[in-house]
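Good morning, and thank you for coming. Please look at the model on the screen while I go through its domains and its ligand site.

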Amino acid sequence: MNIYQDIILDHYHHPHNQGRLIKPDKSGKVSNPLCGDKIEMMIDFEKNKVKEVKFHGEGCVISTASASMLTDFAKSKSKEELKKLNSKFIIKMLGIDLGMTRIKCAVLPLEALHKLL
Amino acid sequence: MINLKDIKNQFPIFKHQPGLVYLDSTATSLKPKIVIDKINEYYSEYSANVFRGIYPMSEKATAEFEETRGVVSKFINANNSREIIFTRNATESLNLLAYSLGRKIINPGDEIVTTIMEHHSNFVPWQVLAEEVGATFKIIDIDEDGNLEFKIQNSELLKQIITKKTKILTLTYVSNVLGTINPIKEIISTAKSINPNIIAIIDAAQAVPHLKIDVQELGADFIVFSSHKMLGPTGVGVLWGKEKILKDMYPFMYGGDMIDEVYVDRTTFKDVPHKFEAGTPAIGEVIAFKESIKFLEKIGMNNILEHEKKLTDFAINRLIDTFGQSIKIYGPKKIEDRGGIISFSFDKFHPHDIAQILADQGICVRAGHHCAMPLHTRLKVQATVRASFYIYNDEKDVEKLVEGLKKVKNILK
Ligand SMILES: Cc1ncc(COP(=O)(O)O)c(C=O)c1O
């Protein structure tokens with residue numbers, strides 16, 4: 001199956017939650033030296049739940065789309081819920097078949113998010 | 001002239017992968033049937049160990065194995081076949097040198113000189129050695145065109161880098177990213193005129209498959225390369241070195257086949273080349289390796305280089321004509337200075353996405369830093385896309401690449 005589905009490309013061209021937060025509660029960076037993807041994620045909490053989350057950086061289609069969808073999903077979820085997310089969840093969220101190398105692109109935003117919890 | 005149709009027919013992979021556009025021979029080459037058949041012959045007909053059995057099968061295997069050593073020796077014009085050492089790959093050959101030679105001759109304050117365009121396998125072993133010993137690790141830069149700075153500045157620049165303290169100069173013949181063909185002979189002779197004691201090591205992994213190499217004429221002390229990049233099997237690398245220096249070096253690994261006599265209190269070692277070949281080697285693969293060399297020689301190394309240069313020139317022109325400013329090709333502008341490797345950036349598209357969309361159309365290219373991170377940092381790019389050519393590629397492959405990139409643009413724009 002082609003991984004460049006319309007929905008993926010739509011998130012790539014118009015990523016949700018792209019940008020920065022002013023004085024976030026927490027922020028963290030991750031990178032994949034192999035392909036040069038870099039993502040910084042910023043987050044604000046309200047009690048135990050995500051109030052606002054944004055990301056920016058350089059990425060391929062897959063990592064950008066994944067960051068866009070993941071940040072949408074994360075809003076108003078609790079830290080515990082988010083800690084449980086794994087690569088299986090990401091694959092399901094993206095709804096595409098990913099080869100071994102591209103999985104790394106897809107889970108990079110999740111790594112960034114986990115750093116903030 | 002190369003008869004392409006005839007050549008393609010000799011590579012079974014094109015029957016199994018119809019429509020395959022293979023543009024990643026820099027990573028590893030495809031294999032002709034005669035090489036595959038020869039491996040099969042060893043495993044089917046005389047699959048004994050070498051140097052051990054007295055029985056005929058083992059003698060046959062040993063003779064075939066040693067015949068390859070002779071063929072390699074002639075192919076690069078070594079003095080004799082004792083100067084040919086079989087390793088697993090070019091990487092192992094370089095690590096062998098860093099260990100067995102480097103640890104013998106490098107002292108605190110000595111200098112090891114390399115270049116910014118090296119593959120990690122000719123960079124990291126020396127960097128680590130220098131750090132361990134307290135030696136200085138020096139790096140020759142490139143100019144904006146992707147040639148070693150040495151080339152335009154003639155010998156003056158090299159004189160600033162190479163000194164009486166330099167023990168080792170190690171550099172690549174052909175860059176696996178830029179395609180630059182370095183003027184190795186001139187570099188070595190200039191270096192040795194500054195300091196005659198320098199040991200010159202050439203990473204010829206991207207050179208031996210594509211151009212005629214004569215180690216005597218180059219003036220190098222060591223060269224390394226891999227069988228799998230020159231139509232041969234994986235698991236076989238070559239280290240060629242001057243016998244006199246090889247004899248003085250430490251062994252690399254200890255064990256079977258490399259020892260002379262072992263007592264409880266001491267061990268003596270075999271002479272070169274066996275001193276460096278511990279344990280059971282990749283017997284069938286070494287045996288079959290000679291078939292790939294014969295295949296290349298039949299086509300002629302000069303024809304191969306000419307074919308690749310023509311194709312590269314054609315490809316660069318087609319890419320620039322079609323995509324103009326949105327494609328950035330790295331490496332020398334002059335075709336004389338480069339071999340069949342084209343690394344590029346395309347618009348703002350990520351190399352992974354480009355390679356993936358090309359892959360969906362049956363086009364194999366590489367995306368990433370191609371094991372040359374210092375070079376990519378120097379070029380100020382994280383990653384590039386690389387297309388590379390060999391004897392089985394033709395203008396149709398280039399056209400498919402151009403069409404493929406159009407599709408990339410359509411999907412990602
Ligand atoms: C210039 C250069 N040197 C060394 C190597 C390492 O070769 P191998 O992986 O066969 O050890 C490569 C392989 O890509 C190369 O391109």
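This is a predicted model: local features need pLDDT of at least 70, side-chain atom pairs count only at pLDDT 80 or more; totals for chains, interfaces and linings use all residues.

Residues are numbered from 1 along each chain as written, chains are lettered from A and ligands numbered from 1 in the order written, and side-chain values use heavy atoms, without hydrogens and water.

Chain B comprises domain 1 (4-25 + 300-412) and domain 2 (38-296), with bounds from an automatic or database domain assignment. Their C-alpha centres are 28 Å apart.

How many residues of domain 1 of chain B are in contact with domain 2 of chain B? There are 33, facing 32 residues of domain 2 of chain B, where contact means heavy atoms within 4.5 Å. The two domains bury about 2,700 Å² between them, 60% of it on carbon and sulfur atoms; this is accessible area (1.4 Å probe) lost on being put together, summed over both parts.

Between these domains there are 3 salt bridges, defined as a side-chain nitrogen of Lys or Arg within 4 Å of a carboxyl oxygen of Asp or Glu. Glu144(B) forms a salt bridge with Arg378(B), with the closest N and O atoms 3.7 Å apart.

Turning to the ligand, 13 residues surround it, the closest including Thr91(B) and Asp203(B); the criterion is a heavy atom within 4 Å. A polar side-chain atom of His228(B) lies 2.7 Å from an oxygen atom of the ligand. For the side chain of His119(B), an N or O atom is 3.3 Å from a ligand oxygen atom.

How values were computed:
A polar contact is a pair of N or O atoms within 3.5 Å; within protein, one must be able to donate a hydrogen and the other to accept it, and residues adjacent in sequence count only if both atoms are side-chain atoms.
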